[in-house]
Amino acid sequence: MKRLTILMALIIPLFLCTSWGFFAHQRINNLAIFTLPTGIIGFYKKNIKYITEHAVDPDKRRYADTLEAPRHYLDVENYEKDIDSIPEKWNDALAKYGLKHLNTNGIVPWQIQRTYFSLVKAFAARDSIKILKYSADLGHYIGDAHVPLHTTANHNGQLTNQVGIHAFWESRLPELFSTNYNFVVGKANYIKNPLKQAWKILKHTHSLVDTVLTFEAKLAATFPSDKKYSFSERNNTVLKQYSLEYSKEYHNQMNKMVERQMRAAILEIGSYWYSAWVDAGQPELKNLVRLEMNPEDKKAADHIEKKYQQGTVIGREF
Ligand SMILES: [Zn+2]
């Protein structure tokens, strides 16, 4: 008992992950490749390892770059009561709220648009390194835009006594249950207006926030509190996480929401990649111009990796 008490003091809650968790982000980027048509799928398949592994680069950048955090979310309530009142275009939003407000409360739809244009440019230049970088990044931001708790000021349940729910929903649930999901999502479509589409995604995602939070609150109120968490010991520290029983119950109550959001993210990512290629004039993707990182980019990437390994997020956790 005493030992347990000491260990309890060292508890590391397994809540300290971000955005879909590494596992789900990598799976989503990986599966998006299979939505692509001929002309483009070959290139992505050849680089499947890169697209998968680098799905989490934007989260790693949060350890090195002060500007990175707000690119992953948008706290709707901190802008407007009604999401439809937020100006869709960056310049209009900038004029209305100012840069500081934007960088505090999140910019994910505009980040999707920005990364999309970088990808179109990379395709037009037939620069394979940049195509891969921006594809992986774009996949990440689109993935984040599908997570309800990335669209609310109550992003980790901190306003409703539900701290931990962020990683519970986006990391723990997919890690436990996604092997049973159906990931056949069909073929990528051409997106006419990448910014409008980003807002469409975000508005739908935000409409799910209430369900995500209320169902967990209700479950917490009825579930035996001593069975809510499980503890496991590793290297003299106790890891605390939502128990399997609790996770199962919540997952059932979500009624496939996590699966639907992962499926939607996969199809959207494929569609954005495909559209960027079309907008660049459908360049031939064999024998591309640049195949190696230049030394400066390599140095920057190494720096981010080092900062990430040291492990301090700049800005907020979620
Ligand atoms: Zn993220």
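**Exercise 1. Decide whether Thr151 is buried or exposed, and list its contacts.**

Step 1. Thr151 has a relative accessibility of 0% and therefore counts as buried; buried means under 20% relative accessible area, exposed over 50%, and partly exposed in between, with a 1.4 Å probe and protein chains only.

Step 2. Thr151 belongs to the loop between α10 (128–144) and α11 (165–177). Helices (H or I, at least four residues) and strands (E, at least two) are DSSP runs, numbered from the N terminus.

Step 3. With neighbours within four places in sequence left aside, Thr151 is in contact with Leu74, Asp75, Val76, Glu77, Leu202, Thr205, His206 and Val209. Contact means heavy atoms within 4.5 Å.

The model is predicted: local features need pLDDT of at least 70, side-chain atom pairs count only at pLDDT 80 or more, and totals for chains, interfaces and linings use all residues. Residues are numbered from 1 along each chain as its sequence is written, and side-chain values use heavy atoms, with hydrogens and water left out.

**Exercise 2. Describe how helix α9 packs with helix α12.**

Step 1. Helix α9 (residues 108–125) and helix α12 (residues 194–206) have axes 9 Å apart, at an angle of about 145 degrees. Axes are lines fitted to C-alpha atoms, for helices over the stretch in contact, and angles run from 0 to 180 degrees between N-to-C directions.

Step 2. From α9, the contact is made by Val108, Pro109, Trp110, Ile112, Gln113 and Tyr116; from α12, by Pro194, Leu195, Ala198, Trp199 and Leu202.

Step 3. The residues of this contact divide into 10 nonpolar, one polar and no charged. Ala, Val, Leu, Ile, Met, Phe, Trp, Tyr, Cys and Pro count as nonpolar, Asp, Glu, Lys and Arg as charged, and the others, Gly among them, as polar.

**Exercise 3. Find how many aromatic pairs the whole structure has, and examine the pair of Tyr79 and Tyr97.**

Step 1. A search of the whole structure gives 17 aromatic pairs. Rings of Phe, Tyr and Trp (its six-membered ring) pair if their centres lie within 6.5 Å; planes under 30 degrees apart count as stacked, over 60 as edge-to-face and the rest as tilted.

Step 2. Tyr79 and Tyr97 have ring centres 4.9 Å apart and planes at 80 degrees, so this pair is edge-to-face.

Step 3. Tyr79 is in helix α6 (residues 76–79) and Tyr97 in helix α7 (residues 90–97), 18 residues apart, and the pair links distant parts of the chain. Tyr79 is buried at 7% relative accessibility, and Tyr97 is buried at 16%.

**Exercise 4. Examine the pair of Phe223 and Tyr246, and name the aromatic cluster that holds them.**

Step 1. Phe223 and Tyr246 are edge-to-face, 4.9 Å centre to centre, with 85 degrees between the planes.

Step 2. Phe223 is in the loop between α13 (209–222) and β2 (229–234), while Tyr246 is in helix α14 (residues 244–254), 23 residues apart.

Step 3. Phe223 counts as buried at 17% relative accessibility; Tyr246 is buried at 0%.

Step 4. One aromatic cluster is formed by Phe168, Phe223, Tyr229, Tyr242, Tyr246 and Tyr250.

**Exercise 5. State where Arg126 and Lys256 lie, and give their phi values.**

Step 1. Arg126 is in the loop between α9 and α10. Its phi is near 55 degrees, a positive value in a residue other than glycine. Arg126 is partly exposed, at 23% relative accessible area.

Step 2. Lys256 lies in the loop between α14 and α15 (257–279). Its phi is near 70 degrees, also positive in a residue other than glycine. Lys256 counts as exposed at 52% relative accessibility.
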